[in-house]
Amino acid sequence: MLLPELREYMNRSFQIKTSARNQFVDITGRVRDVIAESGVVEGLCCVYVPHTTAAVTINENADPTVPADILKRLEILSPLAGDYRHSEGNSDAHIKAVLVGSSVNISVTGGQADLGTWQGVFFCEFDGPRKRTVSVKIISCC
Amino acid sequence: MLLPELREYMNRSFQIKTSARNQFVDITGRVRDVIAESGVVEGLCCVYVPHTTAAVTINENADPTVPADILKRLEILSPLAGDYRHSEGNSDAHIKAVLVGSSVNISVTGGQADLGTWQGVFFCEFDGPRKRTVSVKIISCC
Amino acid sequence: MLLPELREYMNRSFQIKTSARNQFVDITGRVRDVIAESGVVEGLCCVYVPHTTAAVTINENADPTVPADILKRLEILSPLAGDYRHSEGNSDAHIKAVLVGSSVNISVTGGQADLGTWQGVFFCEFDGPRKRTVSVKIISCC
């Protein structure tokens, strides 16, 4: 067995293509792959979305009705048709991005993402379909 | 006086037992204890909740009416009885977890949590009462 | 050309003065300045607000109607005049602070903040006008 090269950090980004205006895309596997590739054993993983009408969150990825219910409620909290000034017609998406947030932190422990049993990482599209980027930064403690 | 062992990182988790369906539990003291135990002087502390129906936030822990008002408003924003598809009856809790978030960052400066005067760290229960876990990862800069 | 001193971390805070009860203040330039001053090439930048009635977020800073629409929607989600118990009359601000969050993470790559094309960093005032503090912690990977 070859040991992975020990790194002090890793920057990696990957593309995703969304298919609906509002959509949760499970990116847990891709985040785990980046952590494995990094060879980092103890550190922090920051998953970051460099967009202003999309976000990233951690929640249940076992039952697809959970993200569906979350998206439906976000639509009530920030409806597409609101009394908005921004002329591009996507203020609802900017608002959702602020409510959900542009990054999540995950501890890397023993070379693994330290997610809870039911937790997955979701890219949150609020103004799709689009091509999007997800950035992952992993920093090592040692 | 014995100097604490200098560490490059520390993983620590602790259990809490919540007593209501919706509840803010002040965990500031426990987070401070983990930072002190770590011996880390300069770094970052990531407080992480490995659950999908709970969250963590930083807000005022001086007047208990503040968390009460926050919880009440969250109930308006994501009511227990909504038009949800998820069959477990806790979609409101998943939604609140996404709105509040699964982690907070605190700078560690001079061996201390760099919290503002009125800031405390709250574990946010949205589907209790339950036994819950809080994970704390501290990474050192030096 | 003098090379900047390589640092393992940097703590820096700066003051801002807000002029309205609810206001987004673009602090992107100041965050970029701190990163440049730090000399950190690869790392993480945590922008932190040590207040309980203010927050920090990342969103579009090109068109000023975007923050205006976000603030207006936040006012609907957490109105000033609600059925609140907290006697200071600013529960709406505490709630907004929880919804938006007290910190953001930005990757530092090649000595620069790794923000997306349309992304800026906003200090979010919800109980102004006030003098406020923004804390920036930068930790280096190498």
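Reader: Which side chains meet in a salt bridge with N to O at 2.5 Å?

Author: A salt bridge is a side-chain nitrogen of Lys or Arg within 4 Å of a carboxyl oxygen of Asp or Glu. Here the side chains of D127(B) and R130(B) form one, 2.5 Å from N to O. This is a predicted model, in which local features need pLDDT of at least 70 and side-chain atom pairs count only at pLDDT 80 or more, while totals for chains, interfaces and linings use all residues. Side-chain values use heavy atoms, without hydrogens and water, residues are numbered from 1 along each chain as its sequence is written, and chains are lettered from A and ligands numbered from 1 in the order in which they are written.

Reader: Where do R21(A) and D92(A) lie?

Author: Helices (H or I, at least four residues) and strands (E, at least two) are DSSP runs, numbered from the N terminus. R21(A) and D92(A) form a salt bridge with the closest N and O atoms 2.7 Å apart. R21(A) is in the loop between β1 (9–17) and β2 (23–26) of chain A and D92(A) is in helix α3 (residues 91–100), so the pair ties together parts 71 residues apart in sequence. R21(A) is partly exposed, at 23% relative accessibility, but D92(A) is buried, at 0%.

Reader: What does the side chain of T133(A) make a polar contact with?

Author: A polar contact is a pair of N or O atoms within 3.5 Å; within protein, one must be able to donate a hydrogen and the other to accept it, and residues adjacent in sequence count only if both atoms are side-chain atoms. For T133(A), the partner is the side chain of Q15(A), at 3.0 Å. T133(A) sits in strand β8 (residues 131–140) of chain A and is buried, at 19% relative accessibility.

Reader: How is chain B superposed on chain C?

Author: Two copies of a chain are related by a rotation about an axis and a shift along it. Copies are superposed by least squares on the C-alpha atoms of residues with pLDDT of at least 70 in both. Chain B is superposed on chain C by a rotation of 120° with 0.0 Å of shift along the axis (RMSD 0.0 Å). That is the relation of a three-fold axis.

Conventions
Buried < 20%, exposed > 50% of the residue type's maximum accessible area, 1.4 Å probe, protein only.
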